[in-house]
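Here is a briefing on one chain, grouped by topic. Please look over the sequence and the structure first.

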Amino acid sequence: MADFKKLDELAKIGRDFISLQFRLTPGNVIQSIDRLWVLGYCFGVLDVVGQRAQLQESVERLALVAVGFFLLISDDAKGAAMRQALDRQDDPRFVEGSLCGRNDMLAWLADTTKVPNGLSTV
């Protein structure tokens, strides 16, 4: 069973990592999140957070991603973004964004003095 307090704390780490880049990148979260590459990027970041926290069950990892999207996106866009993330995981743009998000998060975890810049390349 998922520990919702732990999921919320972990999701906030991912949200803060992603939000920093949204603040450094033109546009706002809702405009950017509609792009499949950016959606993949966010998914990749949140997935790494779940892996690093050693969430074993796929249900817990998916719950973490859902909480992360909840924290990132306005109410009216949440369901659509989550549905698109689940439905389009095989799309090359989503996969490319997810890999970039994963790599940015892993690089930042290895050296927190490096500012992530994957979203600025979109």
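**Briefing: helices, core and packing**

Trp37 counts as buried, because its relative accessibility is 14% and the cut-off for buried is under 20%. This value comes from a predicted model. The chain has six helices and zero strands. Of its 122 residues, 42% count as buried.

**Overall make-up**

- Along the sequence the elements read α-α-α-α-α-α.
- Take the contacts in the chain with a separation of 6 or more: 75% of them join residues 24 or more positions apart.

- Three aromatic pairs turn up in a search of the whole structure.
- In one of them, the ring centres of Trp37 and Tyr41 are 5.7 Å apart.
- The planes of these two rings, Trp37 and Tyr41, stand at 20°, so the pair is stacked; the cut-off for stacking is under 30 degrees.
- Both Trp37 and Tyr41 belong to helix α3. They are four residues apart, which is about one turn of the helix.
- Tyr41 is buried, because its relative accessible area is 0%.

**The nonpolar core**

- The largest nonpolar core holds 29 residues.
- Ile18, Leu39, Cys42, Leu64, Phe69 and Leu119 have the most contacts inside this core.
- At least two core residues come from each of α1 (4-24), α3 (36-52), α4 (58-72), α5 (75-87) and α6 (92-110).
- Helix α3 gives the largest share, with eleven residues.
- Leaving aside residues up to four places away in sequence, Ile18 touches Cys42, Val45, Leu46, Leu72 and Leu119.

**α3 against α1**

- The axes of α1 and α3 lie 9 Å apart, and the packing angle is about 145°.
- This crossing of α1 and α3 is right-handed.
- On the α1 side, the residues that meet α3 are Leu10, Ala11, Ile13, Gly14, Phe17, Ile18, Gln21 and Phe22.
- On the α3 side, their partners are Val38, Tyr41, Cys42, Val45, Leu46 and Val49.
- Tyr41, a member of the stacked pair, is thus also among the α3 residues that meet α1.

**α3 against α4**

- Helices α3 and α4 pack at about 130°, with 9 Å between their axes.
- That angle makes α3 and α4 oblique to each other.
- The α3 and α4 crossing is right-handed.
- From α3, the contact uses Leu39, Cys42, Phe43, Leu46, Asp47, Val49, Gly50 and Gln51.
- From α4, the contact uses Arg61, Leu64, Val65, Gly68, Phe69 and Leu72.

**α3 against α6**

- The axes of α3 and α6 come within 6 Å. They cross at roughly 45°.
- This makes α3 oblique to α6.
- Here too, the crossing of α3 and α6 is right-handed.

**Ahead of α1**

- Is Asp3 buried, partly exposed or exposed? Asp3 is partly exposed, because its relative accessible area is 44%.
- Asp3 sits in the segment before α1.
- Between the C-alpha atoms of Asp3 and Ala63 there are 10.0 Å. Along the chain, Asp3 and Ala63 are 60 residues apart.

Methods:
Residues numbered from 1 in each chain as written. Predicted model: local features only at pLDDT ≥ 70, side-chain atom pairs only at ≥ 80, totals over all residues. Heavy atoms only, no water. Core = buried A, V, L, I, M, F, W, Y, C linked by side-chain atoms within 4.5 Å. Buried < 20%, exposed > 50% of the residue type's maximum accessible area, 1.4 Å probe, protein only. Contact = heavy atoms within 4.5 Å. Phe/Tyr/Trp six-rings, centres within 6.5 Å; stacked < 30°, edge-to-face > 60°. Axes fitted to C-alpha atoms, helices over the stretch in contact; angles between N-to-C directions. Parallel < 35°, antiparallel > 145°, perpendicular 65-115°, else oblique. Left-handed = near helix turned anticlockwise from the far one by under 90°.
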